[in-house]
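Subject: Structure for you to look at

Dear colleague,

I am passing on the structure we spoke about, and below it you will find a short account of what came out of the analysis. Please read the account with the model open beside you.

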Amino acid sequence: MILLAVIVVTGASVRLTGSGLGCTDWPNCEEGRLVAELEFHPLIEFGNRLVTGIVGFAVIGAVLGSLRRLPRRRDLVWLSWSLVFGVLVQAIIGKYTVEVDLHPAVVATHFLLSFVLITAAVVLHHRAGSEQPPPRAGSPAAARIANLVVVAAFAVLIAGTIVTGTGPHGGDEMAQRFQLIMTNVVRVHGALAWTLVAATVALALKLRRENAGPIAQKTVLLLLGVEIAQGAIGYAQYLMGVPPLLVAVHVAGALAVWITALRVRLAIG
C-alpha cells in the first residue's frame, strides 16, 4: 500500500520536472538502451520505472503471503492477485502513455488507475488484520453517507486530473493539453471539493449522534482535517501559479484524502 502511494508521487515528479519523455521507448529507455543516460530527464523517468519494479515485487509478495496464510482466505487471495493484474495493466498504460506523447487523457487514466490499486491494497491490509469482520460501528444510514464521501472523493480526483491536464505541467513542453478554460475547471474541482467536505461534516455529525465506535469517529475527524489541509494547499498553489513542489505536495495530499476516506468507510463496517 505504501509503495503504491509512493509511485503516484514519483510519477507526478516525472510530470512536474518535464521528464515525461525522458525515455522515449519502453521497456528500454531508448531503442537498444535499457538504462537511462546520465542526464536529468532520462534519469527521473527511468527512476520511476525502477520504482515500478519494486512495486511489482511487493505485490508478488502479497500474493505469496495470501497463499501461505493458514487458514487460506479467498478474499485475501483475490485481492492480492488483483494488485498483480493492476500493476501489469499500469505497465501497459505507461508504455502507451509514452507512445501517445503524454496525451492528458491517457495520463489521467494512468493516475486514476493507481487509486483503484491503492483501494485494493487498503482493503487487503484492513481485512488481513482480522480473522472475521468487526461489528458495524455505525448505522446503515451512516454507511450510506460514508459511501457518498468515497464517491465525492473520487469525483474530486477525476476533476483534479482535468485541471492538471489543462494546466502547465504536462510532463514535456510538447505534450498536448485539454483545450479548456482553466478558471472553469478549477471552479468545478473546487465545488466538488467543498461537496466532499460537506459530506464529511454530515458523516461526522451522524456518527456523533449515534455514539458510533471511537475508531470511526476519530477517523472521520482525521479525514476532515486532511481535507482542510488539502484545500489550503490547493488554493495556495492556484494563487501562486501552481509551482511544481506545491503541486507534488497536493498530489500527496490527494493520496492522504483517498486513503483516509476508505479507512472511514471500512471503520464503519
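From the N terminus on, the elements of the chain run α-α-α-α-α-α-α-α, which comes to eight helices and zero strands. Please keep in mind that this is a predicted model.

As to overall form, the C-alpha trace spans about 60 × 50 × 25 Å along its principal axes. The radius of gyration of the chain is 20 Å, which agrees with the value near 18 Å that a compact globule of 269 residues would have. Of the contacts with a separation of 6 or more, 69% are between residues 24 or more positions apart.

Turning to the interior, buried residues make up 43% of the 269 residues, and the largest nonpolar core has 59 residues, with Leu83, Phe115, Ile118, Leu203, Leu207, Trp258 and Ile268 having the most contacts inside it. The elements that give two or more residues to this core run from helix H1 (2-16) through H2, H3, H4, H5, H6 and H7 to helix H8 (244-268), and H8 gives the most, with 13 residues.

The chain carries 20 positive and 14 negative side chains, the centres of the two sets lying 21 Å apart.

With best wishes

How values were computed:
Residues numbered from 1 in each chain as written. Predicted model: local features only at pLDDT ≥ 70, side-chain atom pairs only at ≥ 80, totals over all residues. Heavy atoms only, no water. Core = buried A, V, L, I, M, F, W, Y, C linked by side-chain atoms within 4.5 Å. Buried < 20%, exposed > 50% of the residue type's maximum accessible area, 1.4 Å probe, protein only. Helix = DSSP H or I, 4+ residues; strand = E, 2+ residues; numbered from the N terminus. Rg over C-alpha atoms; globule rule 2.2 N^0.38 Å. Contact = heavy atoms within 4.5 Å. Lys, Arg positive; Asp, Glu negative; His and termini not counted. Charge placed at Lys NZ, Arg CZ, Asp CG, Glu CD.
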